[in-house]
Amino acid sequence: MVEQHTDSVGRGRDETEEERADRRWSELLQELRVAQTGVQILFGFLLTVVFQSRFATLSDTERTIYLVTVVFGAAATGALIGPVAVHRSLAGRHLKPQTVDWAARLAMTGLLLLLCTMASALFLILRVAGLGEVAGWIVTAMLLWFVLCWFVIPLWARARATASKDAGEPAARDRGGDSR
């Protein structure tokens, strides 16, 4: 007998563990395509900064911020491309569910590192633009925005869906959307 799984809010899908892993892998690949493109473009621009004539005029603090930003960018790039290497290394070994779990962890790590890259890059740019102390406040506000968009809202939605499931309510009932 093949074990069937239900999704996290209990509506259920009629899929085996392998089918679920295939679906999750496909979804993860779509997500990674967006994140990889963004991090690769950002990292590429960061790599060119050191070759610009204005780089020599940066203060020691700004150079340090730049170097930290490049390291964050490299780490984010590695983590967001990492799922491809994990999949390639484990393909054909009947480890798809574990592969998807490891790839998802790498993707989340990559997003956290991308958050750090973006914050430090923004901080450097705002300092070089002459905003001084205000740069820190703007970066803090942007960090809070990214954390809200990338982590808080998804966690809130997950908790809400779980609470609806536990209460036996349809998940879409109070959203005003189409519940079909």
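What percentage of the 180 residues of the protein count as buried? In this predicted model, the share that counts as buried is 29%. The legends below present the fold as a whole and then selected close-up views.

**Figure 1. Overall architecture of the predicted model**. The secondary structure of the protein consists of four helices and zero strands, and the order along the sequence is α-α-α-α. The protein exposes about 11,900 Å², of which carbon and sulfur atoms supply 62%. When contacts between residues at least 6 apart in sequence are considered, 64% of them join residues at least 24 apart.

**Figure 2. Helix α1 and its buried residues**. Helix α1 comprises the 33 residues 17–49. At 1.5 Å a residue it should span 48 Å, and because its end C-alpha atoms are 47 Å apart, the model agrees with that expectation. The buried residues of α1 are Ala21, Trp25, Leu28, Leu32, Ala35, Gln36, Val39, Phe43 and Leu46. An α-helix has 3.6 residues a turn, so residues three or four places apart point the same way. What covers the buried residues of α1 includes α2 and α3.

**Figure 3. Helix α3 and the residue that follows**. Helix α3 covers residues 96–128. Its 33 residues reach 47 Å from the first C-alpha to the last, close to the 48 Å expected at 1.5 Å a residue. Gly130 follows α3 and has a positive phi, near 90 degrees.

**Figure 4. Thr69 and its surroundings**. Thr69 is located in helix α2, which covers residues 60–90. Why does Thr69 count as buried? The relative accessible area of Thr69 is 1%, and the category requires a value under 20%. Not counting residues up to four places away in sequence, Thr69 touches Leu46, Thr117, Ser120 and Ala121. The side chains of Thr69 and Ser120 are joined by a polar contact of 2.9 Å.

Figure 5. Ser120 is buried, with a relative accessible area of 11%. Once its neighbours within four places in sequence are left aside, Ser120 is in contact with Ile65, Thr69 and Phe72. Two polar approaches are shown for the side chain of Ser120. One is the 2.9 Å polar contact with the side chain of Thr69. In the other, a polar atom of the Ser120 side chain lies 3.2 Å from the backbone oxygen of Thr117.

**Figure 6. His94 in the loop between α2 and α3**. Is His94 buried or exposed? His94 is exposed, with a relative accessible area of 75%. Phi of His94 is near 60 degrees, which is a positive value in a residue other than glycine. Although His94 and Glu18 are 76 residues apart in sequence, their C-alpha atoms are 9.0 Å apart in space.

**Figure 7. The aromatic cluster formed by Phe146, Trp150 and Phe151**. How many aromatic pairs does the protein contain? The count comes to three. In one of these pairs, Phe146 and Trp150 are tilted, with 5.1 Å centre to centre and 40 degrees between the planes. Both residues lie in helix α4, which covers residues 133–167, and they are four residues apart, about one turn of the helix. Phe146 counts as buried at 17% relative accessibility, whereas Trp150, at 27%, counts as partly exposed. Trp150 also pairs with Phe151 in an edge-to-face arrangement, 6.4 Å centre to centre and with 70 degrees between the planes. Phe151 counts as buried, at 15% relative accessibility.

**Figure 8. Arg105 and the ring of Trp102**. The charged end of Arg105 sits over the ring of Trp102. The distance from this charged end to the centre of the ring is 5.2 Å.

Definitions and conventions: Residues are numbered from 1 along each chain as its sequence is written. This is a predicted model: local features need pLDDT of at least 70, side-chain atom pairs count only at pLDDT 80 or more; totals for chains, interfaces and linings use all residues. Side-chain values use heavy atoms; hydrogens and water are left out. Helices (H or I, at least four residues) and strands (E, at least two) are DSSP runs, numbered from the N terminus. Buried means under 20% relative accessible area, exposed over 50%, partly exposed in between (1.4 Å probe, protein chains only). A polar contact is a pair of N or O atoms within 3.5 Å; within protein, one must be able to donate a hydrogen and the other to accept it, and residues adjacent in sequence count only if both atoms are side-chain atoms. Contact means heavy atoms within 4.5 Å. Rings of Phe, Tyr and Trp (its six-membered ring) pair if their centres lie within 6.5 Å; planes under 30 degrees apart count as stacked, over 60 as edge-to-face and the rest as tilted. A charge sits over a ring if NZ of Lys or CZ of Arg is within 6 Å of the ring centre and within 35 degrees of the ring normal. Accessible areas come from the Shrake-Rupley method with a 1.4 Å probe; for residues, only the protein chains shown count as cover. The expected span of a helix is 1.5 Å times one less than its number of residues.
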